[in-house]
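Grab a pencil and keep the 3D view open. The exercises below each come with a solution that goes step by step.

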Amino acid sequence: MRRFKLAFTIVLTLAAIAVLIGLGNWQMHRLAWKESLLAAIEERRHQPPETSEEIAAEVGSGAEIDYKAMTATGTFLNDKERDFLATRDGVPGYHVYTPLQLSDGTFLFVNRGFVPAEKKDPATRMGGQLLGEQRITGLARARLAGRPSSLVPDNDPVKNIFYWKDLDAMAASTGLPQEKVLPFFLDAGPEPVPGGLPVGGVTEIDLPNNHLQYALTWYGLAATLAVVSGLAFLRRKR
């Protein structure tokens, strides 16, 4: 019976060590994937800007367009801007999403940048309400497939407050024809505008990369378990 218990303990310990090593290996695979993703994003950001037509074609083919440098030319529909709740350096406010009407009759929602909460009303920042044809350069952003989390509140189109970037809801609340709205966003770059608002260049690339730390933790637990179990076995043999 004692031999059976000892054998069972050894098997259980070896299985636990194997699981811990497996988790460490999985985190190393995740590390390689994350580093590849970050490198791809850096490459996309620093390539020559593509046109909105080129980005639209890539979206249609299923290609990855998130964070690609792009440019678009058109006229802002300033009376149809949508406001996404955001903060900047701890200041509450909004990211202003304004549809840009392109020459082919399609519409592209442009994240023009940040305005503080007290400047939500466009009448308080008329200098930044650009008129006439504009050429906007920035980063393409893929649309969200759905609400990021059940904890995110419902959007409030009536009050023009969006808690998540629902492109369909933004378009519908402006009365734009859905079939004419391009299925991605453009985050405008940091070029200043008259009056200083909105403040462009608000794109954040926040992809935590802690996989090496996690892998070392799992490997460390495996090594600790192996050492402790080995010492316990040696003491038992004495």
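**Exercise 1. Work out how strand 3 and strand 4 are joined.**

Step 1: strand 3 and strand 4 run antiparallel and share 7 bridges. Strands here are DSSP E runs of at least two residues, helices are H or I runs of at least four, and both are numbered from the N terminus. Two strands pair if DSSP finds at least two bridges between them.

Step 2: look at the turn. The two strands make a hairpin with 2 residues between them, and Asp89 there has a positive phi of about 55°.

A quick note before going on: this is a predicted model, where local features need pLDDT of at least 70, side-chain atom pairs count only at pLDDT 80 or more, and totals for chains, interfaces and linings use all residues. Residues are numbered from 1 along each chain as its sequence is written, and side-chain values use heavy atoms, with hydrogens and water left out.

**Exercise 2. Find the other partners of strand 4, and say how covered strand 4 is.**

Step 1: strand 5 (residues 107–116) pairs antiparallel with strand 4 over 9 bridges, and Tyr94 sits opposite Val115. Their hairpin has 4 residues between the strands, with Gly105 at a positive phi near 90°.

Step 2: strand 2 (residues 69–76) is also antiparallel to strand 4, over 3 bridges; Gly74 faces Leu102 there.

Step 3: strand 4 is mostly covered, with 9 of its 12 residues buried (buried means under 20% relative accessible area with a 1.4 Å probe, protein chains only).

**Exercise 3. Check the length of helix 1.**

Step 1: the expected span is 1.5 Å times one less than the number of residues.

Step 2: list its buried residues, among them Thr13, Ile17, Leu20 and Gly24. Residues three or four places apart on an α-helix point the same way, because there are 3.6 residues a turn.

**Exercise 4. Which residues lie nearest the centre of the second largest pocket?**

Step 1: a pocket is an open set of points on a 1 Å grid over the protein atoms alone, where a 1.4 Å probe fits, with protein on both sides within 12 Å along at least five of seven lines; lining residues have an atom within 4 Å of a point.

Step 2: of the 13 lining residues, Thr9, Ile10, Thr13, Ser229 and Phe233 lie nearest the centre.

Step 3: helix 1 gives the largest share of this lining, 7 residues.

Key
Buried means under 20% relative accessible area, exposed over 50%, partly exposed in between (1.4 Å probe, protein chains only).
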